[in-house]
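Student: I have the coordinates open. Can we go through the ring pairs and the core, with reasons?

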Amino acid sequence: MTMNRLIRLFLLLVSILMFQQCATSHFMNTGTIRIKGSDTMRILTERWAEEYMKVQPNVAVYAEGGETGHGIQALIDGSADICAASRPLRANEIHLLAQRYKKLGILFLVAKDALSVYVNPGNNVNDLSSEQLKGIFTGELSNWNKVGGSDAGIRVIIRSPNSGTYLYFKEHILDGVEYTNDAIASPTTNEVVQRVEENPHAIGYGGIAYGPDITHCRIDGVLPTEANVRNDTYPIIRYLYLYTIDTPQGVIKDFIDWVLNDGQDVVKKVGYIPLWNDGD
């Protein structure tokens with residue numbers, strides 16, 4: 001073999017090795033992502049973490065639930081890279097972000113939710129108007145016989161005040177009126193579901209992806225389904241969000257890009273509504 005052929009072969013091998021190194025660095029990110037926040041989104045963020053780490057095994061994704069308020073605080077104090085939230089940031093939270101980072105935060109819409117009202121399967125009431133719902137959760141209506149049910153007191157189950165779902169329901173259904181003093185606050189959606197399962201006279205609320213074995217009420221005659229969310233007929237529709245302090249870079253950007261693309265399949269499998277129709 002001549003010297004020229006040896007040099008060409010050497011250069012070819014070097015080129016192949018450099019290409020492989022570049023390809024590996026492009027497709028195999030490394031790093032850690034910390035997600036904290038919304039309990040409503042916990043089953044979603046945990047599943048995203050699990051599926052993303054299959055695609056990017058060199059990235060460790062830690063997803064924690066809790067509440068939207070706690071997730072926002074974690075983002076502000078630097079103990080989270082991403083906040084999962086079931087509501088937009090409030091003015092005081094944006095102020096804290098701006099005060100510390102001189103940034104207003106970056107919002108990403110990542111899924112839709114038909115906020116469901118849960119009742120026990122043994123309850124014959126499965127269709128409530130928005131006005132009846134407001135009356136029940138403010139305490140004006142305290143007996144099921146006022147809404148077509150049996151003569152039994154209504155046990156109201158709500159989320160705790162730091163929950164984005166608590167605030168969203170209060171603002172959009174109760175028109176800002178306070179919840180009844182007799183309401184029982186639960187720290188997680190799973191606990192709301194459990195209380196409704198155990199008590200035939202209980203009523204609660206939470207994400208559509210929870211409580212497959214309890215009744216999800218019609219509201220104003222409309223069921224909380226994907227189709228009714230897409231055609232805007234169900235009256236309690238909200239977006240679910242991810243927040244970062246600044247424009248994401250590196251593994252954070254790659255993760256959010258994945259969530260907005262392949263991660264939408266996970267949204268559907270978990271039970272929430274993807275941003276895009278299958279045909280989009």
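Tutor: Start with the rule for rings: Phe, Tyr and Trp rings pair if their centres lie within 6.5 Å. In this predicted model, such pairs link F137, Y166, F169, Y179 and Y205 into a cluster.

Student: How many aromatic pairs does the whole structure hold?

Tutor: The search finds 10. One of them is Y166 with Y179.

Student: Why is the pair of Y166 and Y179 called tilted?

Tutor: Their centres are 4.7 Å apart, and the cut-off is 6.5 Å, so they pair.

Student: How do you know that the charged end of R238 sits over the ring of Y168?

Tutor: The distance to the ring centre is 5.9 Å. The limit is 6 Å, with a further condition of 35 degrees from the ring normal. R238 is listed as sitting over the ring.

Student: Which residues have the most contacts inside the largest nonpolar core?

Tutor: W48, F137, I203, L242 and F255, in a core of 69 residues. Helix α9 (residues 250-259) gives the most to this core, with 6 residues. A second, separate core has 10 residues, including I76, A85, L89 and L97.

Student: What does F137 touch beyond its sequence neighbours within four places?

Tutor: Its contacts include V156, I158, F169, Y179, I203 and Y205.

Note on methods: Residues numbered from 1 in each chain as written. Predicted model: local features only at pLDDT ≥ 70, side-chain atom pairs only at ≥ 80, totals over all residues. Heavy atoms only, no water. Core = buried A, V, L, I, M, F, W, Y, C linked by side-chain atoms within 4.5 Å. Buried < 20%, exposed > 50% of the residue type's maximum accessible area, 1.4 Å probe, protein only. Helix = DSSP H or I, 4+ residues; strand = E, 2+ residues; numbered from the N terminus. Contact = heavy atoms within 4.5 Å. Phe/Tyr/Trp six-rings, centres within 6.5 Å; stacked < 30°, edge-to-face > 60°.
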